Every structure is written in structure tokens, then in C-alpha cells.
Amino acid sequence: MRSGTKMLRIASLLQIVFGVGYFFLARFLLGEGEVVLGDLSGEDALMTVLISYGGCAFQVIAGLLGLALANRKSLLTVILGIALFIPVLANFLQTQGNVVTIIVTAVTLIFPYLYLHAAWKNYKA
């Protein structure tokens with residue numbers, strides 16, 4: 001067994017759980033009634049929804065591929081790990097506000113990093 005296999009499986013499961021969880025959270029926040037868009041135009045609101053759902057789908061797909069490729073040396077899982085980590089890191093670097101917001105955003109960095117680290121460890125083994 002490769003050195004990163006077990007950790008990649010755990011990280012992949014977490015990505016699947018969070019992807020599905022974020023999907024239901026976005027669905028809940030959109031609600032079934034009227035949605036207050038504020039000053040967003042219809043096109044901007046649609047793009048926001050599509051990006052949200054696309055991000056959720058990407059997390060689930062990355063998790064499924066991570067599970068499927070956990071026993072193999074795979075550059076694809078490393079690339080997926082980078083693609084999962086970069087947007088969360090960018091969000092963290094743009095975070096402003098109180099300490100709680102910064103800490104919560106920093107905690108969200110842990111899971112994509114765990115996936116990336118395990119994929120890299122698995123690839124190098």
C-alpha cells in the first residue's frame with residue numbers, strides 16, 4: 001500500500017461529504033420562495049448559482065476520483081488537489097473582517113490541503 005492511500009481515501013470522503021453538504025446548503029439558502037438578489041442583475045445571480053453548484057459537483061467528482069485512484073500513482077489526483085486548494089487559498093487571502101471569519105476561513109483550508117498532501121504523497125511513493 002502506498003504511503004498516502006489511507007489519507008487520500010479519508011480526504012476524498014471528506015470532499016464528497018462537503019460537496020454534497022455545500023450543495024444542500026446552497027439549495028437551502030436559495031430556498032423555494034422569493035430570493036432577494038440585492039443589487040445583482042439576473043445574469044450575475046445566475047452565474048453565482050452556477051458557480052456554486054459547479055463547485056459542489058467538482059468537489060464530489062474529485063472525491064470520487066480520489067477514492068478510485070487511491071491505490072495508484074496518479075498525477076490526476078495531484079492536479080485535482082491543486083484545483084481544490086487554490087480557490088480556497090484565494091478566498092482565505094481575500095478574507096477581511098473579524099477574527100472569527102478569518103479562523104473559519106483558515107479551517108476550510110485544512111480539507112483541500114489534506115487531499116492535496118495525500119495525493120502528492122501517494123504520487124511520490
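Modeller: What follows starts with the overall layout, moves to the nonpolar core, and then turns to the aromatic rings and a helix contact.

Keep in mind that this is a predicted model. The protein chain has 5 helices and 0 strands. From the N terminus on, its elements run α-α-α-α-α. The chain counts 125 residues, and 27% of them are buried. Take the contacts between residues at least 6 apart in sequence: 80% of these join residues at least 24 apart.

Now the core. The largest nonpolar core holds 14 residues. Leu8, Ala62 and Tyr115 have the most contacts inside it. Which helices supply at least two residues each? They are helix 1 (5-30), helix 3 (75-93) and helix 5 (110-124). Helix 3 gives the largest share, with 5 residues.

Look closely at Tyr115. Leave aside residues up to four places away in sequence. Tyr115 then touches Leu8, Ala11, Ser12 and Gln15, among others. Its contacts also include Ala62 and Gly66. Thr77, Leu80, Gly81 and Leu84 complete the list. Two of these partners, Leu8 and Ala62, are named with Tyr115 as the core residues with the most contacts.

Next, the rings. A pair of aromatic rings is described by the distance of the centres and the angle of the planes. The count here comes to 6 aromatic pairs. One of them joins Phe23 and Phe24. Their centres are 5.4 Å apart, with 70 degrees between the planes. That angle is over 60, so the pair is edge-to-face. How accessible are these two residues? Phe23 has 33% relative accessibility, so it counts as partly exposed. Phe24 reaches 53%. The cut-off for exposed is over 50%, so Phe24 is exposed.

Phe18, Tyr22 and Phe111 form one aromatic cluster. Another ring, that of Tyr123, has a charge over it. The charged end of Lys73 sits there, 5.2 Å from the ring centre.

Helix 4 (residues 99-108) and helix 5 have axes that come within 4 Å. The axes cross at roughly 25 degrees. Angles under 35 degrees count as roughly parallel, so that is how helix 4 and helix 5 are described. On the helix 4 side, Ala106, Val107 and Thr108 make the contact. On the helix 5 side, Ile110, Phe111 and Pro112 do.

One last stop is Arg27, in helix 1. Its relative accessible area is 42%, so Arg27 is partly exposed. Val49 lies 22 residues from Arg27 along the chain. The C-alpha atoms of Arg27 and Val49 are separated by 9.4 Å.

Definitions and conventions: Residues numbered from 1 in each chain as written. Predicted model: local features only at pLDDT ≥ 70, side-chain atom pairs only at ≥ 80, totals over all residues. Heavy atoms only, no water. Core = buried A, V, L, I, M, F, W, Y, C linked by side-chain atoms within 4.5 Å. Buried < 20%, exposed > 50% of the residue type's maximum accessible area, 1.4 Å probe, protein only. Contact = heavy atoms within 4.5 Å. Phe/Tyr/Trp six-rings, centres within 6.5 Å; stacked < 30°, edge-to-face > 60°. Lys NZ or Arg CZ within 6 Å of the ring centre and 35° of its normal. Axes fitted to C-alpha atoms, helices over the stretch in contact; angles between N-to-C directions. Parallel < 35°, antiparallel > 145°, perpendicular 65-115°, else oblique.
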